[in-house]
Amino acid sequence: MTTNIDRRRLIIGAGLGLGALLLPVGKLLAAEVLNANGFTHNVASGEPGPDSMLLWTRYVPPGSSDEVRLQAEMALDPAFTRVVGGATVRTGAYRDWTAKLTLDGLQPGTTYWYRFIAPDGSISPVGRTRTLPVGDVASFKLGLFSCANLPIGWFNAYAHAAERDDMDLWLHVGDYIYEYGIASYKPRDRIAERNVLPAHDHEMVSLIDYRMRLACYRADADLQKLHQMAPMVALWDDHEITNDSWEGGAQNHQPDKEGDWSTRKAAAVQAYREWMPVSEEPWKAYPLGSLATLYRTESRLIGRTRPADIKRAFAMGTDAALEAFRDGPWQDSSATMLGLEQESWLHHALNANARRSHWQLVGMGTILGRTVMPKETVGWLRPEASERTRQTFKDNVRAARLGLPMWMDRWDGYPAARSRLLRAAQQADANLVMLSGDSHNAWAFSLQEDGRPAGVEFAVQAVTSGGMEGSMATDPRNVAAAFRATNPEISWCDTSQRGYAMIEITPQRVTGEWVFMQDIKTRGTAVAGTHRMQVERDRKVFGG
């Protein structure tokens, strides 16, 4: 037994997200799923080590219990004839019935199967996971994901990746969920069946809001399958809390309507840590033998300073105002994405680990590569584009003439901190590979600092969230060509397709393959195409 909901209705619910809230049957289904008992959301694993793994599930007991004990088992085969470990964990309503535990004493580079057993004898679905390798490692593959907005598309990228049997790990670099109320989406952008709690125009603000939204996303069958098939290293970006967040606030947080920022932030963090297979550590390094070190970073809530505000300079309407902004607030050396404590940790870790592992892979919520707006884009805007959109593009083109970036919310908006990170990589002689997301489009950057190569960046396109194509009325190839011509660090880009990326690491090279799904408005795993880029060890720029 996994739940007491009728199996047919549960499958429907998993496909729609937790409740199709605006349809009459959806309201009934939402009530059923919210009141479900048993193993309601499958299983997941994460935080892998050479000899340990974190396991996750959610179990709601029948009746009025306020706490339950679950037994976890780890085996070398899916039939559990060779059980090699286990432990007991408690959960209750106080943590939304989610359960996490870490099993130690495992063997490195080994595939395991795991499950949970409830007090009534019911058994969870079986998950597959794999520990990290040690020693000389010939190859390691990870799937890279970002920006999965449930109401506007099917998670076909997750479904396609979950079908692969050649992946060692998933890396999700943020925007795993979105905070917006369903009414904020344009009807033409939404899929009618894919709705979320809280309903209507109510954003996530309270703990129950964040828990319900995560429950909706984690009820998706394709996301469940992804978690079930391999371990995940996950980091949050902004939409797990709210748009363009920083340590002391966010663009999409209005204290007069949504209360104290610290309260909202704490609720978001609590729910995320309950519902995700993650530890309480804010940042972490994962060794991949002598092959590489993978870093999970935190660049939103702990140390990020308020982004520089370019809007006043735009409003003044003169190049002099933009120049003053460029040479003053934008260059502020106290601005930081990671906070000085994490900066110090990462710089020291790069220096130490570059001596014992070939590659330094840094998972990051937002893009490091420099990007300014090409002047051609204003003429390519769709006829129906709003005046506000047109003005934004015009402003960004004006800023580009003076060397100012398109987005102040990513590393481009924190140039001094960006320079500190890249110089640290150069001083360590690290083979730096940034793995990032957030922009919804696919990019390959050959990063530079002080006129010298500093590493490369694979920036993944969104799972579903819309990209540059939503604003452009020209062939996407024209847009990509203009960005490459205008931005020396851009080696390649695609500004119109959704999907994920596969990153393969070997001692001699790192290869990225962007996988583009044929569609996100209908459910399926058909692929429209792929693109591959690679960097050779010690070159620190993209080859072919």
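Analyst: What follows takes the labels one at a time, for a model that is predicted.

User: Why is the pair Phe145 and Tyr500 called stacked?

Analyst: By the ring-centre rule there are 18 aromatic pairs. In the pair of Phe145 and Tyr500 the centres are 5.4 Å apart and the planes stand at 20°. Pairing needs centres within 6.5 Å, and stacking needs planes under 30 degrees apart. Both conditions hold, so the pair is stacked.

User: What makes this pair a tie between parts of the chain?

Analyst: Phe145 belongs to strand β8 (residues 140-145) and Tyr500 to strand β20 (residues 499-505), so the pair ties together parts 355 residues apart in sequence. Both residues are buried. Ring pairs also link Phe145 and Tyr500 with Phe155, Tyr158, Trp170 and Tyr217 into a cluster.

User: Why is the pair Trp236 and Tyr272 called edge-to-face?

Analyst: The ring centres of Trp236 and Tyr272 are 5.3 Å apart, and the planes are at 80°. Edge-to-face requires planes over 60 degrees apart, so the label applies. Trp236 is in the loop between β10 (232-234) and β11 (245-246), while Tyr272 is in helix α7 (residues 261-275).

User: How do you know that Trp236 and Tyr272 are buried?

Analyst: Buried means under 20% relative accessible area. Trp236 has 10% and Tyr272 has 4%, so both count as buried.

User: Why is Asp222 called buried, and what does its side chain join?

Analyst: Asp222, in helix α5 (residues 221-229), has a relative accessible area of 9%. That is under 20%, so Asp222 is buried. The side chains of Asp222 and Arg523 are joined by a polar contact of 3.0 Å, against a limit of 3.5 Å. Leaving aside neighbours within four places in sequence, Asp222 is in contact with Phe155, Tyr158, Ala159 and Arg523.

User: Which ring does the charged end of Arg194 sit over?

Analyst: The charged end of Arg194 sits over the ring of Phe155, at 4.8 Å from its centre, and the distance limit is 6 Å. Likewise, the charged end of Arg115 sits over the ring of Phe80, 4.0 Å from its centre.

User: Why is strand β19 described as largely enclosed?

Analyst: In β19 (residues 490-494), 4 of the 5 residues are buried, so the strand is largely enclosed by the rest of the structure.

User: What makes β17 and β19 a strand pair?

Analyst: Strand β17 (residues 442-449) and β19 share 4 bridges in the antiparallel sense. At least two bridges are required, so the two strands pair. Across this pairing, Ala444 stands opposite Trp492 in β19.

Terms used. Residues numbered from 1 in each chain as written. Predicted model: local features only at pLDDT ≥ 70, side-chain atom pairs only at ≥ 80, totals over all residues. Heavy atoms only, no water. Buried < 20%, exposed > 50% of the residue type's maximum accessible area, 1.4 Å probe, protein only. Phe/Tyr/Trp six-rings, centres within 6.5 Å; stacked < 30°, edge-to-face > 60°. Lys NZ or Arg CZ within 6 Å of the ring centre and 35° of its normal. Polar contact = N/O pair within 3.5 Å; in protein donor to acceptor, adjacent residues only side chain to side chain. Contact = heavy atoms within 4.5 Å.
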